[in-house]
Amino acid sequence: QVQLVESGGGLVQAGGSLRLSCAASSRTFSFYAMGWFRQAPGKEREFVATINWSAGSTYYGDSVKGRFTISRDEAKNTVYLQMNSLKPEDTAVYYCAAVQEFKLAIFLRYPLSYDYWGQGTQVTVSS
């Protein structure tokens with residue numbers, strides 16, 4: 001059973017920073033990629049970032065490029081999301097996700113491409 005557990009969410013002022021973590025219970029070499037999505041109330045789940053686990057290639061959603069950085073620690077089976085210059089519109093529940101098999105990069109932007117999901121962590125950015 002694969003489990004993804006997010007942590008690091010919280011309340012921060014606009015312009016501040018937070019770092020989210022997602023620890024995987026399974027040996028992550030079996031994952032092709034891991035990513036982050038977010039969902040604000042009344043909105044669809046939005047792609048934030050993803051990382052190819054073996055190659056380290058990264059892809060970002062347009063709204064977070066230049067502000068967020070995704071990274072992984074293979075030894076700790078953990079993926080991180082460093083969020084800088086946070087804006088009120090970044091407020092959402094952030095979800096970690098993992099995909100086991102190869103997917104073209106363009107498809108990694110879609111939630112349906114992912115096989116496993118964490119429970120989510122709330123990020124609130126005050127103005």
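This is a predicted model: local features need pLDDT of at least 70, side-chain atom pairs count only at pLDDT 80 or more; totals for chains, interfaces and linings use all residues.
**The disulfide**

Begin by selecting C22 and C96, whose sulfur atoms lie 2.0 Å apart in a disulfide. With the torsion about the S-S bond of C22 and C96 at about -75°, the disulfide is left-handed. Both ends are out of solvent reach by the accessibility criterion: C22 is buried at 0% relative accessibility, and C96 is likewise buried, with a relative accessible area of 0%.

**The nonpolar cores**

Next, select L4, M34, W36, V79, L81, M83 and Y94. Within the largest nonpolar core, which has 29 residues, these touch the most other members. Colouring by element shows where this core comes from: among the elements giving it two or more residues are strand 3, strand 4 (33–39), strand 8 (78–83) and strand 9. Then move to F47, A97, V99 and Y114, which are among the seven residues of another core, lying apart from the largest one.

**Threonine 121**

Select T121, in strand 11. Is T121 buried or exposed? Its relative accessible area is 11%, and because the limit for buried is under 20%, T121 counts as buried. The T121 side chain reaches the backbone nitrogen of G9 at 3.3 Å. Leaving aside residues up to four places away in sequence, T121 touches E6, S7, G8, G9, L20, A92, V93 and Y94.

**The salt bridges**

Finally, show the charged side chains; the whole structure contains five salt bridges. Select R38 and E46, a salt bridge whose closest N and O atoms are 2.8 Å apart. R38 is buried at 6% relative accessibility, whereas E46 is partly exposed at 31%.

Continue to K65 and D62, where the closest N and O atoms of the salt bridge are 3.3 Å apart. Here K65 is partly exposed, with a relative accessible area of 49%, and D62 is exposed, at 63%.

A further stop is R72 with E74, whose side chains meet in a salt bridge at 3.8 Å, N to O. R72 is partly exposed at 26%, as is E74 at 46%. To finish, select R38, E46, R67 and D90 together: salt bridges with shared partners join these residues into one network.

Technical notes: Residues are numbered from 1 along each chain as its sequence is written. Side-chain values use heavy atoms; hydrogens and water are left out. A disulfide is a pair of cysteine sulfur atoms within 2.5 Å. Buried means under 20% relative accessible area, exposed over 50%, partly exposed in between (1.4 Å probe, protein chains only). A nonpolar core is a set of buried Ala, Val, Leu, Ile, Met, Phe, Trp, Tyr and Cys residues joined through side-chain atoms within 4.5 Å. Helices (H or I, at least four residues) and strands (E, at least two) are DSSP runs, numbered from the N terminus. A polar contact is a pair of N or O atoms within 3.5 Å; within protein, one must be able to donate a hydrogen and the other to accept it, and residues adjacent in sequence count only if both atoms are side-chain atoms. Contact means heavy atoms within 4.5 Å. A salt bridge is a side-chain nitrogen of Lys or Arg within 4 Å of a carboxyl oxygen of Asp or Glu.
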